[in-house]
Amino acid sequence: MSKITVIGIGPGNSGDLTGRAVSALSSCTVLVGYKYYIPFIEKYLNDKTEVLASGMKQERQRISMALDKLSEGRDVCVISSGDSGIYGMASLVYEMMKERGIEAEVEVIPGISAFQKAASLLGAPVGHDFCVISLSDLMTPWALIEKRIKAAAEADFITAVYNPRSNSRYWQLFRLKEIFLTYRSGDTPVGFVRQAGRDGEQVTVTTLSEFNPEDVDMFTVVIIGNSQTYCWDGKMITPRGYYRDNVNEDETAPGQNIMIESFRTIEKEMKHPEVSLNVKWPMLHAIHTTADFDMENIVKVDENALPQIYSAFETGRVRTIITDVTMAASGIRKGALARLGIEVKCYLNEPGVMEYAKEKGITRTQAGIRMAVKDYPEALYVFGNAPTALMELCELIRRGVAHPCGIIAAPVGFVHVCESKHMVKPFVNIPKIIVEGRKGGSNLAATLVNSILCWPDASQLKPGRDV
């Protein structure tokens, strides 16, 4: 029985040709291939090899020639660039053999695909789950291609792009970039390689926002990283997890990994992920704690509030956080407090507070704030429950007694809540985070404090250092 061998010849460099491919080529009697690829492998052919070549878009013609020779009882080799099974000739060989009712032995010899070669030149971008998408709509409707692009972007696949651009197909890569930017950060690493493994090879690493489709042509492979891909020393790297599994991490690391994944999910579902990091970081914490995307509308953050408050802690100018109730204090991460040398105090149950409140005819939380301001006038003041306590602080600020380094205004309820939040807004020189309206709570107030304490991690969207 005659045999047809489909050979993946790699991206074009002889060094990337497999031993099996070289062996098959050297013993080949009939070779069929695209005329552009023949020069890549000519040196491996023997003097008796019959070479049949054709031009671009003549794939069926080439396989027809190969099957004609096969029917004559000849053994035939068909070459395919990259891997013969990835956008290669192997499937077409099987289809046309089935169509003609031809029975023969078929051997498919794999090769190094163009995206693999490009990935090796870019570093290690394909270290986790990935997909490959062709933008050629000659045989696939664009609507289906776009559906696949959206699925890849939303599922956080590392994505290699074949056939990215041509003279007639000039807009599709722009559309792909637009889709990815709705699901991925503009800082996502993107690499593209032109003529991978061939003369004129060019390697470029950039970001999704800076990526210009005009720099790409049909001889280019584009690789878009996932949400964990980063750049180091000019290379793209996507962690697989081996390094993380072998370093000395404390037992809270899995919790942090869950938080990181949650934050990335939240960011993708936000209506306005383009807001400044100073706003986005506490907003992500708020949504993560409440599962309420209305936080996008009601969490208001003063300009540079987080870096200003964090600086007060980091420099040691302020060492104290005051909360209105003990529940708000309990939600502030102990590891972060220890790391920065900060103590959290709530005066609600301090000796003499109850008696003082009764004597003055005020709430116990109001009394606690009065006492706290005497001891710590410059502390960060945090409110997750009691609007009267927030109103008390506002009065003490107006009297020049309190000078807080920042305010978290998130009391919850139906009486005096909205008014207390409006009362704090005029203090424009005090950095504030306000949860507007009736919503709030001690858990929300605590998570907003945590967003401040881990502000240095915001740029990488890596929450939970102290979980």
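**A walk through the chain**

Among contacts in the chain between residues at least 6 apart in sequence, 69% join residues at least 24 apart. That is one way into this predicted model. The chain holds 19 helices and 19 strands.

Begin with the overall form. A compact globule of 467 residues would have a radius of gyration near 23 Å. This chain has 32 Å instead. Along the principal axes, its C-alpha atoms fill a box of roughly 110 × 45 × 35 Å. Buried residues account for 50% of the 467 residues.

Now turn to helix 3, which covers residues 59-71. Its 13 residues reach 18 Å from the first C-alpha to the last. That is close to the 18 Å expected at 1.5 Å a residue. Several of its residues are buried: Arg62, Ile63, Ser64, Ala66, Leu67, Lys69 and Leu70. What covers them? Part of the cover comes from strand 1 (3-8), strand 2 (30-34), strand 3 (50-54) and strand 4 (76-80). Helix 4 (90-100) is also included in that cover. Just after helix 3 comes Gly73, with a positive phi of about 90 degrees.

Further along are two residues to look at on either side of strand 8. Asp156 sits in the loop between helix 6 (142-154) and strand 8 (158-162). Its phi is positive, about 65 degrees, although Asp156 is not a glycine. Asp156 has a relative accessible area of 17%, so it counts as buried, the cut-off being under 20%. Asn163 lies in the loop between strand 8 and helix 7 (172-183). Asn163 also is a residue other than glycine with a positive phi, near 45 degrees. Is Asn163 buried or partly exposed? At 24% relative accessibility, Asn163 counts as partly exposed.

Move on to Leu306, in helix 12 (residues 305-314). Its relative accessible area is 0%, so Leu306 is buried. Which residues does Leu306 touch, leaving aside its neighbours within four places in sequence? Asn278, Trp281, Pro282 and Val301 are among them. Leu306 is also in contact with Ile433, Ser451, Ile452 and Trp455. Ile287 is 19 residues from Leu306 along the chain. The C-alpha atoms of Leu306 and Ile287 are separated by 17 Å.

The last stop is Gly384. This glycine is in the loop between strand 17 (380-383) and helix 17 (387-398). Gly384 is in a loop, and with a relative accessible area of 0% it is buried. Leaving aside neighbours within four places in sequence, Gly384 is in contact with Asp324, Ala410, Pro411 and Val412, among others. Gly441, Ser442 and Ala445 also belong to that list of contacts. Leu396 is twelve residues from Gly384 along the chain. Between the C-alpha atoms of Gly384 and Leu396 there are 19 Å.

Key
Residues are numbered from 1 along each chain as its sequence is written. This is a predicted model: local features need pLDDT of at least 70, side-chain atom pairs count only at pLDDT 80 or more; totals for chains, interfaces and linings use all residues. Side-chain values use heavy atoms; hydrogens and water are left out. Helices (H or I, at least four residues) and strands (E, at least two) are DSSP runs, numbered from the N terminus. The radius of gyration is taken over C-alpha atoms; the globule rule is 2.2 Å times the number of residues to the power 0.38. Buried means under 20% relative accessible area, exposed over 50%, partly exposed in between (1.4 Å probe, protein chains only). Contact means heavy atoms within 4.5 Å. The expected span of a helix is 1.5 Å times one less than its number of residues.
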